[in-house]
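Thank you all for coming, and please have the picture open while I talk.

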Amino acid sequence: MRLLNRSVNGVAGRLSRRRRGPLAGLMVLLLGLILTGTVYAAFTPATAQKAGKSDDQLIEQGRELFLVGCAFCHGQNGEGINSSKGQYGPSLVGVGGAAVDFQVGTGRMPMAQPGQQAGVKKETYTQDEIDALAAYVASLGPGPAIPTPDDYTLEGLSEDEKRAAISRGGQLFLTNCTACHNFDGSGGALPRGRYAPSLKGVSEKHIYEAMLTGPQQMPVFGDSVMTPDDKAAIIAYLKTNEETPEYGGFGMGGLGPVSEGLFAWLVGIGVLVGFCYWIASHGARSNKTLSTTESTEGTEA
Amino acid sequence: MSDHHDNVPEVPEEQRKAMASEEPIANPGLPAHLPRPTDVDERAARRAERQVATFFVLSMVCTVLFVVAYFALDIKDGNQETIGGLGASNVALGVSLGLALLFIGIGIIQWARKLMADVEIIEYRHPAVSPPADREETLAALSMGLDESGIGRRPLIRNTLFGALGLMGLPLIVGLRDLGPLPGKKLESTFWKAGTRVVNDVTGLPIKPSDVAIGQLVNAQPEGLVPVAEERPGVIYLEGVELNVEKAKSSLIVVRMEPDDITFSKDSPENWQIDGILAYSKICTHVGCPISLYEQQTHHVLCPCHQSTFDLADGAAVIFGPAARPLPQLPITVDDEGYLVAQSDFTEPVGPSYWERDSQ
């Protein structure tokens, strides 16, 4: 593309010197850029839309970021790299913008080091850069797009409909999610050092994207089987759960009998042992004798 | 209180001699008794008295707070007050009552340690066995009783008595029958039959193969076990206990993986998968926990109860844990309208082993 632009520029420059004003070259250059952008937009997949910047600018910016930050593992064109020791980074063709927004937006990617699982950390890119990366990866092949707030909130429903949706979301959560993420969404252990992360404090958008794309070991819950409404209901249930005060008392992280037992053993029995020590400890003794009129001969011995 | 040593019983002379002859170091006896500050200082005693009373008064305050909290804090639904994200009423009641009891306890212990009588007491251990005379007397009484009853001389009575007592166990065993009817063939079949649609649990949506993405997990049920608003004609919809009984056996997990990833063992028919879509019983074959802890990249399903791990790419073969058998696979196909349906019921009983099951 750069080659094309340069040749257009060159031709325009020569023409302008002979027949037109000095700004004509610039105008032609701009027209050329707009034309290529429009044509590109017409042929890129529908999922690669992004407001604000023009698509090709965004994709170009994303590609540059990708080459610097991602290509080492995922390949220069996102095709993935296989080494003799297994997969370095998987192919990103067809994973869609939602996967990028989730993985980079939660700091899981770029990975700090290879391991069983990419963990959450402080995100490396700004949201603008993530959008550019997502646009670039989405341009590699059609995949799920980044959801809009309409998708993952219950906006537009009446109060009763919202209550019904939250209750349905609870049922869906208990059926599909609790196996790994725990009854309270507190996360849990998986085989071989992997884990299902806690869902508390995760943004609605990222929960939605995780269900849509199935990051790492998590299965995919695609839109045809779990509709966007179902996903929004699950998210609403989780958020309601998170915001509801624990009327029953301190939940100890909602991790079940292990944390509760640990608390009972360490804190409960520990306090009891402390009291026993206090009860049986040897108190202060005095060498003074009773200074009253009573006889004191006994204490001298 | 004139002589503290009065309270300490003297070790008998002969015992002390015996001990002295056995032990290389002579028994030094008890250390001299030293009084507590509160025993000798009246001001310290009064200070301790005030401390104890303070704890008891604090307990009273907490009890009053309990009553106040009981009436003051609202627990009506949707109107509960909170303290730091916890229910205010529960926290206030628990803390005030707990502290009220704790302060009484602390007060009593402080009282005992500082002010109650401070004397050492020695109690010597006695042998646990009864004196020989008592033992002989008891044995004599016992043998006299046996003799007088004539149980040794009349074996007929003895044997029939043992028979009667032994037979008393029978009613207990017979009564066990009332625990419930025998399961019969109920454990061998489920709600699945040829043509039953696979539907989403909770939502009841039927599933087309094209709906299932690679890496997808669907927690599914047979159509008829998920209540829906519009019932399809020709389908039996169960309710209540029946529904729960059938659901416990028929729950299904449907997954899709790259067809190339499937590594079936030779005795599993490969035509049960549709473009990488596989359907397995959700009931663990160990003790019947429902499992859907699925790792989409390794294709492993883990049972959270006892860590049995099944490889769904390999016919749900057990690769770890106590389960004895693979998860039964449901033969699936596609009906005229393009939805996933069962070809038949499971070809083996789902869930854990039981006595009547032909073990494999």
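Before the first pair of helices, one definition: an axis here is a line fitted to C-alpha atoms, for helices over the stretch in contact, and the angle between two axes runs from 0 to 180 degrees between their N-to-C directions. Please also keep in mind that what you see is a predicted model.

Let me start with chain A as a whole, whose secondary structure comes to twelve helices and four strands. Of its 301 residues, 30% count as buried, and if we take the contacts in chain A between residues at least 6 apart in sequence, 59% of them join residues at least 24 apart.

Now look at helix α8 of chain A, residues 159-176, and helix α11 of chain A, residues 228-243, which pack at an angle of about 95° with their axes 7 Å apart. Because angles of 65 to 115 degrees count as roughly perpendicular, α8(A) is described as roughly perpendicular to α11(A). On the α8(A) side the residues that meet the partner helix include A:Ile166, A:Leu172 and A:Phe173, and on the α11(A) side they include A:Ile234, A:Tyr237 and A:Leu238. Sorted by class, this contact has nine nonpolar, three polar and two charged residues.

A second pair in chain A is helix α3, residues 55-69, with α6(A), and these also pack at an angle of about 95°, with their axes 7 Å apart, so they too are roughly perpendicular to each other. Among the residues making the contact are A:Leu58, A:Ile59 and A:Phe66 of α3(A), together with A:Ala132, A:Leu133 and A:Tyr136 of α6(A). Here the classes come to eight nonpolar, two polar and four charged residues.

Let us turn to where the chains meet. In this model 39 residues of chain A are in contact with 43 residues of chain B. Which elements give two or more residues to the side of chain A that touches chain B? They are α8 and α9 of chain A, the latter spanning 178-181, and α8(A) gives the most, with four residues. That side of chain A divides into 17 nonpolar, 17 polar and five charged residues.

Finally, the backbone. Most residues other than glycine have a negative phi, and most peptide bonds are trans. In chain A, however, the peptide bond from A:Met109 to A:Pro110 is cis, with omega near -10°, and A:Pro110 is found in the loop between α5 and α6 of that chain.

In chain B, B:His299 has a positive phi of about 65° although it is not a glycine, and its place is in the loop between β7 and β8. Is B:His299 buried or exposed? It counts as buried, because it has 21 C-beta neighbours inside 10 Å, and the cut-off for buried is 20 or more. B:Gln307 also has a positive phi of about 65° without being a glycine, and is found in the loop between β8 and β9 of chain B. With 14 C-beta neighbours inside 10 Å, however, B:Gln307 counts as partly exposed.

How values were computed:
Residues are numbered from 1 along each chain as its sequence is written. Chains are lettered from A and ligands numbered from 1 in the order in which they are written. This is a predicted model: local features need pLDDT of at least 70, side-chain atom pairs count only at pLDDT 80 or more; totals for chains, interfaces and linings use all residues. Angles under 35 degrees count as roughly parallel, over 145 as roughly antiparallel, 65 to 115 as roughly perpendicular and the rest as oblique. Two residues are in contact if their C-beta atoms, placed from the backbone, lie within 7 Å. Ala, Val, Leu, Ile, Met, Phe, Trp, Tyr, Cys and Pro count as nonpolar, Asp, Glu, Lys and Arg as charged, and the others, Gly among them, as polar. A residue is buried if 20 or more other C-beta atoms lie within 10 Å of its own, exposed if 12 or fewer, and partly exposed in between; C-beta atoms are placed from the backbone.
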